Amino acid sequence: MFWPEEERLRLLKGTGVPEAVEKDLVNIRSEYYSIVLPFMEAHSDLFSPSVRSLELYRQLVALVMAYSFQEPLEEDDDEKEPNSPLMVPAADILNHIANHNANLEYSADYLRMVATQPILEGHEIFNTYGQMANWQLIHMYGFAEPYPNNTDDTADIQMVTVRDAALQGTKDETEKLLLCERWDFLCKQEMVGEEGAFVIGREEVLTEEELATTLKVLCMPAEEFRDYKERAGWGEEETEDSLAITDIPKLQESWKRLLRNSVLLTLQTYATNLKTDQDLLSNKEAYATLSWREQQALQVCYGQKMILHRVLELTS
C-alpha cells in the first residue's frame, strides 16, 4: 500500500492487487476516523496531537499486517470469527517460501518454531505464512516467489467476467434477458457475486463447485434450466458439481467455450501479454535493470498468466 498509486496500477494491472489495496485504504481510513481518532481524543493525556495522524495509523496497520501471525481455526470452527493477530518477536524474522522447512506451532502455553524437514547446516530456515498465491504475498508482504517456485500460486477469473463472456454469445435481447435470469438465479443460490472470483491453482480449481455450477447453469438448454430452477425452488437437493483441472478437457463443448472466452477476457485486463513477460524473464541483463518492485510485479503477472494459458490449452 506504500507504492505510489500510478506505479501500483501500472505494474499490477489485472492481478487483483490494486483493488485489494484500495479496499484496505478505504477500510483503514474508515477505522481511523470512526474508532481510532475518537479513542485518542478521549485519552488526550496518552495521545498527543502529533500522533493523531491517518498516515501514522496506516503505517501501524501495514506493520501489523506484515509481521503478525494468526492462529488457524480448527477444522470444525469454520463458523467462528478469525483469531486475533499476534505479534511474535523472533518468529517474524524468518522468510516465507511455499516449499518451507519449518512452521509455527501453537499451544495454550507457548509458540514454537518446528522443522518440518531436515535442514542442513548453513541453510536458511524458511517459515510459511500460509498457502498464499503470489498476488497475496505482494499485497501483504511486498514480495513474490519467482516462477515456478510458488506451488500455491493462483489466478482469478472474476465471476462477472464469466457473465460478460456469456453475454457476448447471445444473439438478441431475448437471449440476454434469459441469461440475466440465470445469473440472478446463481446469485440467489450464492454461487456467484458481483465482487467474487473463481480461483484456479496450478493443479486444482479451488472454487470447483462454484465454477462447475456456473458453467452448467449458463450453458444448459432453456427447458432444462426451468426444471433446474423449479427443483431449487422446492428445496430439492442437487448433486454437488465438481471440477478438477484434469476434468477440463472432458467438459461439454459449450462449457469449454464459455470458460475459454472468460480466460481470454481476463488476459485482456493485464498491461502486457505472456510472451512479453517471457522475453523479459529470459533476458537476464534486461531483468537485472528492473527495480525490485518491477521484478516482483513481473513474477506475479507471469505466474497468473501461465495458469490462465494452461486453461486455454485445456479448453482447446
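This note goes through a predicted model of one protein chain, from its overall make-up to single residues.

1. Basis of the model. Because this is a predicted model, local features need pLDDT of at least 70 and side-chain atom pairs count only at pLDDT 80 or more, while totals for chains, interfaces and linings use all residues. Residues are numbered from 1 along each chain as its sequence is written, and side-chain values use heavy atoms, with hydrogens and water left out.

2. Overall make-up. The protein chain holds twelve helices and eight strands. Both are DSSP runs numbered from the N terminus: helices are H or I with at least four residues, and strands are E with at least two. The C-alpha trace spans about 70 × 55 × 40 Å along its principal axes.

3. Burial and surface. The chain has 316 residues, and 38% of them count as buried. Buried means under 20% relative accessible area, exposed means over 50%, and partly exposed lies in between, with a 1.4 Å probe and protein chains only. The chain exposes about 18,900 Å², of which carbon and sulfur atoms supply 51%. Such areas come from the Shrake-Rupley method with a 1.4 Å probe, and for residues only the protein chains shown count as cover.

4. Contacts along the sequence. Contact means heavy atoms within 4.5 Å. Of the contacts in the chain with a separation of 6 or more, 64% are between residues 24 or more positions apart.

5. Charge. There are 28 positive and 57 negative side chains, and the centres of the two sets lie 8 Å apart. Lys and Arg count as positive and Asp and Glu as negative; His and the chain ends are not counted. The place of a charge is taken as NZ of Lys, CZ of Arg, CG of Asp or CD of Glu.

6. Helix 1 and helix 2. Helix 1 (residues 5-12) packs on helix 2 (residues 17-42) at an angle of about 150 degrees, and their axes are 9 Å apart. The axes are lines fitted to C-alpha atoms, for helices over the stretch in contact, and angles run from 0 to 180 degrees between N-to-C directions. The two helices are therefore roughly antiparallel to each other, a term for angles over 145 degrees. On the helix 1 side, Arg 8, Leu 9 and Leu 12 take part; on the helix 2 side they meet Val 17, Pro 18, Val 21 and Leu 25.

7. Helix 5. Is helix 5 largely enclosed or open? Helix 5 (residues 159-168) is largely enclosed by the rest of the structure, because seven of its ten residues are buried. These buried residues are Met 159, Val 160, Thr 161, Val 162, Arg 163, Ala 165 and Ala 166. Their cover includes strand 7 (154-158), helix 6 (173-188), strand 8 (197-201), helix 7 (208-219) and helix 9 (253-267).

8. Thr 214. This residue is found in helix 7. Thr 214 has a relative accessible area of 0% and is buried. Leaving aside neighbours within four places in sequence, Thr 214 is in contact with Val 162, Leu 186, Val 192 and Phe 198. Val 162 is also one of the buried residues of helix 5.

9. The loop between strand 5 and strand 6. Pro 118 is found in the loop between strand 5 (111-115) and strand 6 (126-127), and counts as exposed at 78% relative accessibility. Glu 124 has its place in the loop between strand 5 and strand 6 as well, and at 40% relative accessibility Glu 124 counts as partly exposed. Glu 124 touches Asn 95, Asn 101 and Ile 119, not counting residues up to four places away in sequence. From C-alpha to C-alpha, Glu 124 and Asn 101 are 8.9 Å apart in space and 23 residues apart in sequence.

10. Backbone points to check. The peptide bond from Tyr 147 to Pro 148 is cis, with omega near 5 degrees; Pro 148 lies in the loop between helix 4 (134-140) and strand 7. Ala 90, which is not glycine, has a positive phi, near 80 degrees. Ala 90 is in the loop between strand 2 (86-87) and strand 3 (95-96), and is exposed at 54% relative accessibility. Glu 190 also has a positive phi, near 60 degrees. Glu 190 lies in the loop between helix 6 and strand 8 and is exposed, with a relative accessible area of 70%.

Notes. Parallel < 35°, antiparallel > 145°, perpendicular 65-115°, else oblique.
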